[in-house]
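This briefing concerns helix packing, the nonpolar core and the surroundings of selected residues. Please consult the sequence and the structure shown here alongside the points that follow.

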Amino acid sequence: MNLTFSAADVEFTRSWWSLLIKDDTHLNKWLQKLQVTELAGYYDNLEAIVKFKRDINSNTRIQELLLRTASDEKNHSNMLVDILADRGVPVYSDIEADENKSLFWSELEASIVDIRTMAAVYYLGEELAAFRFEIIYDNPSTPSDIRRFIEKALPDEKYHARGYLMHTSDEALTSVISQYDLVVNKLKGFV
Ligand SMILES: [Fe+2]
Ligand SMILES: [Fe+2]
């Protein structure tokens, strides 16, 4: 059991990116939001260690994964701060302004009831990031500063996804993926 992407998902994301890189204002805004997301990833991974301390005590491998992921996400955030600085763009301070993202993750985070469902939700987040980063990397018109960021971040996100997949269970993943499908359909206005 894992997340799969359809040909329509690939097509949608490819055209989204090819339009975004033609529009500097929106591209810079996307970079600002991405930096906030990466920094949030740092905090979320550390928070999980505190929240699931009891389960983690008997599972040092997941603690190592959470710490390593937190450190990588902080690194990604720092790289994006440098990119924003070079582009003369300030860091984004209004996290709540991205309402779709908030709705998406707050609904998914509601499925976290134990360490297995936590690993399933984190797996999903990492897999979605890797999917998007792969499409960005494949586009020959991707600006070189973003390409350099993806070269570093993509292998990290793939590593995180593989790691969390190892710590979830089929049952947890099935329930989280069905919740994910529901949220996606809600965002698309189907539900
Ligand atoms: Fe990241
Ligand atoms: Fe990651």
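Predicted model: local features only at pLDDT ≥ 70, side-chain atom pairs only at ≥ 80, totals over all residues.

A48 counts as buried because 23 C-beta neighbours lie inside 10 Å, and a residue needs 20 or more for that class.

**Individual residues**

- A48 belongs to helix α2. Apart from neighbours within four places in sequence, A48 is in contact with L66 and M118.
- A distance of 25 Å separates the C-alpha atoms of A48 and F133, two residues that lie 85 residues apart along the chain.
- I83 is located in helix α4. Because I83 has 19 C-beta neighbours inside 10 Å, I83 counts as partly exposed; the buried class would require 20 or more.
- When residues up to four places away in sequence are not counted, I83 touches L31, D145 and F149.
- Between the C-alpha atoms of I83 and Q32 there are 9.7 Å, although 51 residues separate the two along the chain.
- P90 lies in the loop between α4 and α5 (residues 99–109). With 9 C-beta neighbours inside 10 Å, P90 counts as exposed, since that class applies to 12 or fewer.
- In sequence, P90 and K29 are 61 residues apart, while in space their C-alpha atoms are 9.7 Å apart.

**Nonpolar core**

- In soluble globular proteins, nonpolar side chains tend to be buried together.
- The largest nonpolar core contains 31 residues, and the residues with the most contacts inside it are A119, A120, V121, Y123, L124 and V176.
- Two or more residues of this core come from each of α2 (24–51), α4 (60–87), α6, α7 and α8 (170–187).
- Helix α6 supplies the largest share of the core, with 13 residues.
- A120, one of the core residues with the most contacts, is in contact with T168, A172, L173 and V176 once neighbours within four places in sequence are left aside.

**Packing of α6 and α7**

- Helix α6 (residues 115–138) packs against helix α7 (residues 144–167) at an angle of about 150°, and their axes are 8 Å apart. This angle therefore makes α6 roughly antiparallel to α7, as angles over 145 degrees are classed in that way.
- The crossing in which α6 passes α7 is left-handed.
- On the α6 side, the contact is made by A119, Y122, Y123, E126, E127, A129, A130, F133, E134, I136 and Y137. On the α7 side, the contributing residues are I146, R147, I150, A153, L154, E157, K158, H160, A161, Y164, L165 and H167.
- The contact of α6 with α7 comprises 15 nonpolar, two polar and six charged residues.

**Packing of α4 and α7**

- Helices α4 and α7 pack at an angle of about 165°, with a separation of 10 Å between their axes. The angle therefore makes α4 roughly antiparallel to α7.
- The crossing of α4 past α7 is left-handed.
- From α4, the contact involves I62, L65, T69, D72, H76, M79, L80, I83 and D86. From α7, the contact involves D145, F149, K152, A153, D156, H160, G163 and H167.
- Seven nonpolar, five polar and five charged residues make up the contact of α4 with α7.

**Packing of α1 and α6**

- The axes of helix α1 (residues 7–20) and α6 come within 10 Å and cross at roughly 55°.
- Helices α1 and α6 form a right-handed crossing.
- The contact is made by T13, R14 and W17 of α1 together with R132, I135 and I136 of α6.
- By class, the contact of α1 with α6 contains three nonpolar, one polar and two charged residues.

Methods:
Residues numbered from 1 in each chain as written. Chains lettered and ligands numbered in written order. Axes fitted to C-alpha atoms, helices over the stretch in contact; angles between N-to-C directions. Helix = DSSP H or I, 4+ residues; strand = E, 2+ residues; numbered from the N terminus. Parallel < 35°, antiparallel > 145°, perpendicular 65-115°, else oblique. Left-handed = near helix turned anticlockwise from the far one by under 90°. Contact = placed C-beta atoms within 7 Å. Nonpolar A, V, L, I, M, F, W, Y, C, P; charged D, E, K, R; others polar. Core = buried A, V, L, I, M, F, W, Y, C linked by C-beta atoms within 7 Å.
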